2 protein chains.
Amino acid sequence: MIGGFGAALLLATLSAEAQLKPEEQIEYRQAGYSFMAWNMGKIKAQVVDGSVPYNKAQVVAAANAIAAIANSGMGSLYGPGTATDQMGDKTRLKPEFFKNLDEANKLARNFTGAVDKLTSEAASGDQARIKTALGEVGKTCKACHDQFRTK
Amino acid sequence: MIGGFGAALLLATLSAEAQLKPEEQIEYRQAGYSFMAWNMGKIKAQVVDGSVPYNKAQVVAAANAIAAIANSGMGSLYGPGTATDQMGDKTRLKPEFFKNLDEANKLARNFTGAVDKLTSEAASGDQARIKTALGEVGKTCKACHDQFRTK
């Protein structure tokens with residue numbers, strides 16, 4: 001069965017993303033993760049650290065940004081030739097990623113599932129539940145980093 | 001009256017974003033624009049160039065990502081000290097931006113308005129209307145670039 005990343009590899013030879021160079025795929029996926037990190041940080045500051053007063057609208061907007069990025073089809077930015085073996089220090093993606101696409105797909109689904117949960121909890125306005133959901137998102141980030149990102 | 005960017009300057013001394021260094025603000029805002037550009041490109045390929053077959057779900061996801069990023073509170077990434085006069089070639093933001101916050105706010109509102117329209121047109125599935133809406137978004141991008149971005 002072809003899942004998200006398997007489909008992405010196929011798509012990379014067929015679709016819009018076919019025209020993206022490896023450098024561009026890396027740039028765009030890093031941009032997505034960077035922007036998600038900013039929004040994770042805003043939620044953390046408000047519902048975990050308490051260093052910023054809780055503002056429901058801001059947390060909802062941040063969660064929505066994370067979710068929309070996560071669900072935008074980033075798998076197509078993981079085309080062949082975009083790991084460290086060919087791109088050096090331009091990326092931290094281990095070549096192992098391409099040998100374990102089933103596992104990568106599973107981790108990606110866990111991530112988007114946790115992000116969607118964060119979005120619904122953000123809308124509820126329950127800070128304790130948002131905090132829990134944010135922690136779960138963090139775990140799914142780390143799971144992929146541990147397996148497929150260089151130290 | 002304090003609008004989005006005026007509020008951002010105020011917030012920059014009060015909120016989470018106070019802890020972001022100018023370099024970080026620049027990195028995050030550039031990430032947001034980069035990721036939006038990728039999604040604009042996907043929509044363009046499908047409804048303008050026709051180089052990729054139209055896929056409603058992909059276009060909706062792309063429009064949602066653009067909208068969620070645009071509405072995530074990026075104004076707070078435009079704090080003092082983040083223009084070329086202090087950050088050199090790390091940014092393309094002209095110092096004039098900070099002397100024309102009313103104009104910047106107006107352009108930002110035009111942008112988010114056009115993006116929201118793109119999202120609703122994407123949901124309609126009408127390719128001609130999506131094409132028009134994408135063009136309108138592009139105009140609001142250009143309006144700000146022309147005034148506040150270095151060549």
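Colleague: In this predicted model, what makes E121(B) and K117(B) about one helical turn apart?

Modeller: Both residues belong to helix α5 of chain B and stand four residues apart, which means that about one helical turn separates E121(B) from K117(B).

Colleague: Why is the pair E121(B) and K117(B) called a salt bridge?

Modeller: The closest N and O atoms of E121(B) and K117(B) are 3.8 Å apart, and because the rule asks for a side-chain nitrogen of Lys or Arg within 4 Å of a carboxyl oxygen of Asp or Glu, the pair E121(B) and K117(B) counts as a salt bridge.

Colleague: Are these two partners buried or partly exposed, and how do you know that?

Modeller: E121(B) has a relative accessibility of 6%, and because buried means under 20%, E121(B) counts as buried. K117(B), at 46%, falls between 20% and 50% and therefore counts as partly exposed. In chain A, salt bridges that share partners join K117(A), E121(A) and R129(A) into one network.

Colleague: What is the N to O distance between E121(A) and K117(A), and where do these residues lie?

Modeller: The side chains of E121(A) and K117(A) meet in a salt bridge at 3.8 Å, N to O, and both residues lie in helix α5 of chain A, four residues apart. Over all chains the count comes to 12 salt bridges, one of them between K44(B) and D49(B), whose closest N and O atoms are 3.2 Å apart.

Colleague: What makes Q25(B) buried, and which backbone atoms lie by its side chain?

Modeller: Q25(B), in helix α2 of chain B, has a relative accessible area of 4%, and because the limit for buried is under 20%, Q25(B) is buried. A polar atom of the Q25(B) side chain lies 3.2 Å from the backbone oxygen of L20(B), and a polar atom of that side chain lies 2.8 Å from the backbone nitrogen of G79(B).

Colleague: Which residues touch the most other members of the largest nonpolar core?

Modeller: That core has 74 residues, and those that touch the most other members are F35(A), I43(A), L118(A), F35(B), I43(B) and L118(B). Among the elements that give two or more residues to this core are α2 (22-49) and α5 (101-124) of chain A, together with α2 (22-49) and α5 (101-124) of chain B. Leaving aside neighbours within four places in sequence, L118(B) is in contact with residues including I43(B), A63(B), I66(B) and V137(B).

Colleague: Why is the relation between the chains called a two-fold axis?

Modeller: Chain B can be laid on chain A with an RMSD of 0.0 Å by a turn of 180° and a shift of 0.0 Å along the axis, and so the relation is that of a two-fold axis. The same surface serves both copies, since 100% of the contact residues of chain B recur in chain A. Of the residues of chain B, A31(B) comes closest to the rotation axis, at 2.1 Å (C-alpha).

Key:
Residues numbered from 1 in each chain as written. Chains lettered and ligands numbered in written order. Predicted model: local features only at pLDDT ≥ 70, side-chain atom pairs only at ≥ 80, totals over all residues. Heavy atoms only, no water. Core = buried A, V, L, I, M, F, W, Y, C linked by side-chain atoms within 4.5 Å. Buried < 20%, exposed > 50% of the residue type's maximum accessible area, 1.4 Å probe, protein only. Contact = heavy atoms within 4.5 Å. Polar contact = N/O pair within 3.5 Å; in protein donor to acceptor, adjacent residues only side chain to side chain. Least-squares fit on C-alpha atoms with pLDDT ≥ 70 in both.
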